[in-house]
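Let's take a friendly walk through a protein model, one step at a time. Keep the picture in view as you read.

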Amino acid sequence: MKTFAIIGSGRQGTASGYDILKHNPKSSLIMVDINIDFANKAVRTLLNLLPQTKIEPKELDISNAQETKDFLKNIDILISAIPYKYNLELTKLSIASRTSMVDLGGNTEVVKKQIALNSEARKNGVTIVPDCGMGPGMNVSMALLAMEQIDSPKEVLIWDGGLPLNPIPPWNYALFFHIEGLTNEYDGNAHFLKGGNVIDVKCFNKREIINFGSEIGDLEAAVTSGGLSTMPWTYKGKLDRLENKTLRYRGHWDSMIAYKNLDLFSRNPIEIDGVSIVPRKFYHYMLNKKINKGIVEDICIMRVDVHGSNNKKETLVRVESIEKFDKELGFTAMEKWTGWHASIVAQQISINNISSGSIPIEKALSGKVFYRQAILRGYNISIKTQVKD
């Protein structure tokens, strides 16, 4: 059986660990963290849920390249559940140690550099799949699932978001992952397809109200960066239109736009009364205290509309899924959709269902394979097709 390792023993890493052990009970798993207390906590959580499994903690500082490389030599598949800024170097070390790797991504430019290592990964017989998780990741897999339902998809529109079940004004949001990752999504540009060509779209643009029925009601969607990863370049000239927007409760975007207009997203130091302050660090320090409430009950929503033709008839396919906080396991919906998607990809690598190389998620995992694995995990995914007259 395979040996898995997860670097980063926080929420998403622990959720990935559960999914690996649940579906590979004879495999061994090592939970890694720079802080052994976090690794030990993750191990205790997993053993409480799956007491008969083989799992151990390890303390490791990945800035020590040689120590990390030596550790990876004994690992078959690695999941990186740490901030994206470490993933390129970790990819290089994984390739050198002949360890396959999946990560939670978060920055398209970093992912492009990882994909550029394709020939080295193939030469060493390992598989690298960056940008897994909820979005990018599962949203791309859901888009592929919808596209696979018809002969000729032309337009792909994706909406997704993770939200607290009980929002508290004025932010109407709770933090489900590292705040740096949240600001990264809200800064810079997104990459879409329009007329078959890749275009840049500024964050917070294209706001629209989307209704999700009586239980959820209206949500407000807006553009955020990085949600499609490399998918626009993969489908350049193949799709006419490709877009992805993030869902939030109404009022959230107004607050974020105000903060951005105050230059609180800036990384450039400013001096106030002789004290040097980085606006983004100050902003994170203050906002984190307001929206980071630990484990909160949440809901994740994902909808994909694909317009195209099937049997020469104009067709709309809608694929949709809603996930809520899991009271039995104690995992948030965000943890399940993020950690479990990465785990699904890692497990597909472990059974040789994904070829060697450094491969973007849209080429690594088909919609059909994702759907089969998602149903095994109890996801409620609806697929509806409407043929237009």
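**Starting from one glutamine**

Let's begin with Gln-114 and the residues around it. Setting aside neighbours within four places in sequence, Gln-114 is in contact with Asn-87, Leu-88, Thr-91, Met-101, Asp-103, Pro-130 and Ser-358. Keep in mind that this is a predicted model. You can find Gln-114 in helix H5, which covers residues 108–115. Is Gln-114 buried or exposed? Gln-114 counts as buried because its relative accessibility is 1%, and buried means under 20%.

Next, let's turn to the nonpolar core. The largest one has 99 residues, and Val-102, Val-156 and Val-345 are the members that touch the most others. Take Val-102 as an example. Leaving out neighbours within four places in sequence, Val-102 is in contact with Leu-78, Ile-79, Ser-80, Val-129, Cys-132, Ala-342, Val-345, Ala-346 and Ile-349. Another core lies apart from the largest one; this other core has 19 residues, including Val-32, Ile-62, Ile-75 and Leu-93.

Now for the strands. Find strand E15, residues 298–310, where ten of the 13 residues are buried. Which strands pair with E15? One is strand E7, residues 152–164, which runs antiparallel to E15 and is joined to it by twelve bridges. E15 and E16 form a hairpin with two residues between them. In that turn, Asn-311 has a positive phi of about 55°. As you look along strands like these, remember that side chains in a regular strand alternate between the two faces of the sheet.

Finally, let's look at a pair of helices. Two packed helices are described by the angle between their axes and the distance between the axes. Helix H1 spans residues 11–23 and helix H2 spans residues 36–49; their axes come within 10 Å and cross at roughly 35°. The crossing of H1 with H2 is right-handed. Which residues make the contact? From H1 come Thr-14, Gly-17 and Tyr-18, and from H2 come Ala-42, Thr-45, Leu-46 and Leu-49. Sorted by class, the contact of H1 with H2 has four nonpolar residues, three polar ones and no charged ones.

Terms used:
Residues numbered from 1 in each chain as written. Predicted model: local features only at pLDDT ≥ 70, side-chain atom pairs only at ≥ 80, totals over all residues. Heavy atoms only, no water. Buried < 20%, exposed > 50% of the residue type's maximum accessible area, 1.4 Å probe, protein only. Helix = DSSP H or I, 4+ residues; strand = E, 2+ residues; numbered from the N terminus. Pairing = 2+ DSSP bridges. Contact = heavy atoms within 4.5 Å. Axes fitted to C-alpha atoms, helices over the stretch in contact; angles between N-to-C directions. Left-handed = near helix turned anticlockwise from the far one by under 90°. Nonpolar A, V, L, I, M, F, W, Y, C, P; charged D, E, K, R; others polar. Core = buried A, V, L, I, M, F, W, Y, C linked by side-chain atoms within 4.5 Å.
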